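This briefing covers a domain interface, salt bridges and a few selected residues. Please read it beside the sequence and the model.

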Amino acid sequence: MSKEASFSGKKWVFIGFGSITKATIGLLVRAHTFDLSSVVVIAPQIEQHQPFVELGVSFIDVALTPENLGHVLRDVVQRGDFIVNLSVNVSSADLIRFAHAQGALYLDTCIEPWEGMYNEPTLTTSQRSNYALRDQLLALGDELGPGPTAVVTHGANPGLVSHFVKAALLQLAAKLGVAVPEAEGRLAWGELAMALNVKVIHIAERDTQRSSRIKSDDEFVNTWSVDGFVSEAGQPAELGWGSHEKTWPPFARHHPFGSNNAIYLERPGASVPVKTWTPNGGPCTGLLITHNEAISLPDFLTVKDGSVLLYRPTVHYAYHPCDDALLSVHEYVGRGWKLQDSKRILNDEIAPGGVDALGVLLMGHALNAYWYGSILSIDEARQIAPFNTATSLQVAAGVYSGILWAIENPDRGIVEPEQMDHRRVLEIALPFLGSLEGIQTDWTPLDTINALFHKPEGELCPWQFEHFTAV
Ligand code: NAD
């Protein structure tokens, strides 16, 4: 009996009915092994739901709040059911607390706070960061102790990209003939990254999907949640801070609590351009948008001897969203961070040909730089599953593989992607990712500077953070 089938008789409770919930239900439809009459969706705005009603999905039209969460969910969620949180503005921590008490499994794709936290004037910049949200969740894990599995931050990124990093490290080790170290019978990932001399890891994404209906004035267009993107774009830029870094960036700060493996800039991510490289188009400029994996990955890969830091890579997201989303960010920032009056999430209207290349770019080792990830076109995505774009399918692949992994490992308490078995997760996600490719490149961030100013590379280390942010 398949694990999906062994879940029969239980309920799937989706919080939120946006682009990613629709995309994930599309994967349940494709699998043919799920009973869709056991899917319940809870969201305040239920639109374009008729095809889902016809599939058997039921809906509860309510906005969850700190006051009503327990009351609403107790009527719906029983022991052994699965809560899939794909909402904005509903606290992950409160949902996990509820799931733990109720004996339900849980998964989200982002550590979401209650509405208002991102702009709360009484909080410091550090307290509004993803570092702080993650720190609170780790403390919650300690408080709750063992219990039903709650997978946190398991979409595409955060989510699958942590598994891509492990796969890319093993591929580099094989290509370079580096022995894979073990400690206490387990693979020592930090020691492996250190042995390979990986200095910088970008989550390097470029989305070239477009609609024939171009962005209007006063409109924010994106290929996934506009609200989600705007929230993270306005949070401080955050990055894991590498042990090879020699200069301290302007506006950079340490957090006064936690592991201290990541730092933040006193600048919203949407206003921090960074140079990066992806297979669709080569070099490009992305935005240093904060993400959970920029904190969890450097934590996972840090190597210390006692309290002495031996190794940590610099890790951050470098996101080139689709062109209309980039224009939308430009307009949004230009008008003083005031959100446009209309929002549009692209789906059926996307023209053929666009591609989302989402991967990890490991830099500084003997092969210079190595990109590993998913290259998925809109045309492939439409053939694979209903209700999907290239972007939503990569995220739904993370959600779906995380759900199945949790069903197979039902009593692990709070789990981040780095604690999961990357081989099993990627095996489940593979059919939805288009081509999963590893590509070597000779690109460095100094290429642009050298081309413009003919500066000799000399002894410059190309992998300093300052070179990714310059010119
Ligand atoms: P969306 O904006 O399309 O949908 C959000 C949904 O949340 C809407 O249905 C909205 O009505 C619902 N919602 C808002 N307030 C609510 C409340 N109080 N109670 C219940 N529901 C509420 O967003 P999306 O594109 O589907 O993204 C969903 C989540 O997934 C977001 O948190 C986003 O940041 C995250 N995400 C993660 C990844 C990843 O790869 N990790 C990628 C894309 C999106």
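Helices (H or I, at least four residues) and strands (E, at least two) are DSSP runs, numbered from the N terminus. The model is predicted: local features need pLDDT of at least 70, side-chain atom pairs count only at pLDDT 80 or more, and totals for chains, interfaces and linings use all residues. Residues are numbered from 1 along each chain as its sequence is written, and side-chain values use heavy atoms, with hydrogens and water left out. The chain is divided into domain 1 (3-151) and domain 2 (160-387 + 433-469), with bounds that come from an automatic or database domain assignment.

**Domain interface**

- The centres of domain 1 and domain 2, taken over C-alpha atoms, are 26 Å apart.
- Domain 1 puts 23 residues into the contact and domain 2 puts in 29, where contact means heavy atoms within 4.5 Å.
- The size of an interface is often given as the accessible area lost when the parts come together.
- About 2,100 Å² is buried between domain 1 and domain 2, and carbon and sulfur atoms give 62% of this area; buried area is the accessible area (1.4 Å probe) that two parts lose on being put together, summed over both.
- Asn130, Tyr131 and Arg134 supply 34% of what domain 1 buries against domain 2, more than any other three residues.
- One salt bridge is found across the interface of domain 1 and domain 2, by a rule that asks for a side-chain nitrogen of Lys or Arg within 4 Å of a carboxyl oxygen of Asp or Glu.
- Arg134 forms a salt bridge with Asp299, and the closest N and O atoms of the two are 2.8 Å apart.
- Twelve residue pairs, with both residues at pLDDT 80 or more, are in polar contact across the interface of domain 1 and domain 2. A polar contact is a pair of N or O atoms within 3.5 Å; within protein, one must be able to donate a hydrogen and the other to accept it, and residues adjacent in sequence count only if both atoms are side-chain atoms.
- On the side of domain 1 that touches domain 2, the elements giving two or more residues are helix H2 (19-31), helix H3 (50-54) and helix H6 (130-144).
- H2 gives the most to that side of domain 1, with seven residues.
- By class, the side of domain 1 that touches domain 2 has twelve nonpolar, six polar and five charged residues. Ala, Val, Leu, Ile, Met, Phe, Trp, Tyr, Cys and Pro count as nonpolar, Asp, Glu, Lys and Arg as charged, and the others, Gly among them, as polar.

**Salt bridges**

- The salt bridge rule gives a count of 13.
- Lys215 forms a salt bridge with Glu331, the closest N and O atoms being 2.7 Å apart. The pair links distant parts of the chain, 116 residues apart: Lys215 is in the loop between strand S9 (200-207) and S10, and Glu331 is in helix H11.
- Lys215 is buried at a relative accessible area of 15%; buried means under 20%, exposed over 50%, and partly exposed in between (1.4 Å probe, protein chains only).
- Glu219 pairs with Arg344 in a salt bridge, with 2.8 Å between the closest N and O atoms. Glu219 lies in strand S10 and Arg344 in strand S19, so this pair ties together parts 125 residues apart in sequence.
- Arg424 forms a salt bridge with Glu427, with the closest N and O atoms 2.6 Å apart. Arg424 and Glu427 are separated by about one helical turn because they are three residues apart in helix H14 (residues 422-429).
- Arg424 is partly exposed at a relative accessible area of 25%, and Glu427 is exposed at 51%.

**Helix H9**

- Helix H9 (residues 226-234) has Val226, Gly228, Phe229, Val230, Glu232 and Ala233 as its buried residues.
- The cover over these residues includes strand S10 (219-222), strand S13 (262-268), strand S18 (314-320), helix H11 (323-334) and strand S19 (342-345).
- At the start of H9, a side-chain oxygen of Ser225 comes to within 3.3 Å of the backbone nitrogen of Asp227.

**Two single residues**

- Ala369 is in strand S21 (residues 368-377) and counts as buried, at 0% relative accessibility.
- Leaving out residues up to four places away in sequence, Ala369 touches Leu361, Leu362, Met363, Ile439, Gln440, Thr441 and Trp443.
- Glu115 sits in the loop between strand S5 (105-108) and H6 and counts as exposed, at 64% relative accessibility.
- The C-alpha atoms of Glu115 and Asn89 are separated by 4.4 Å, although these residues are 26 residues apart along the chain.
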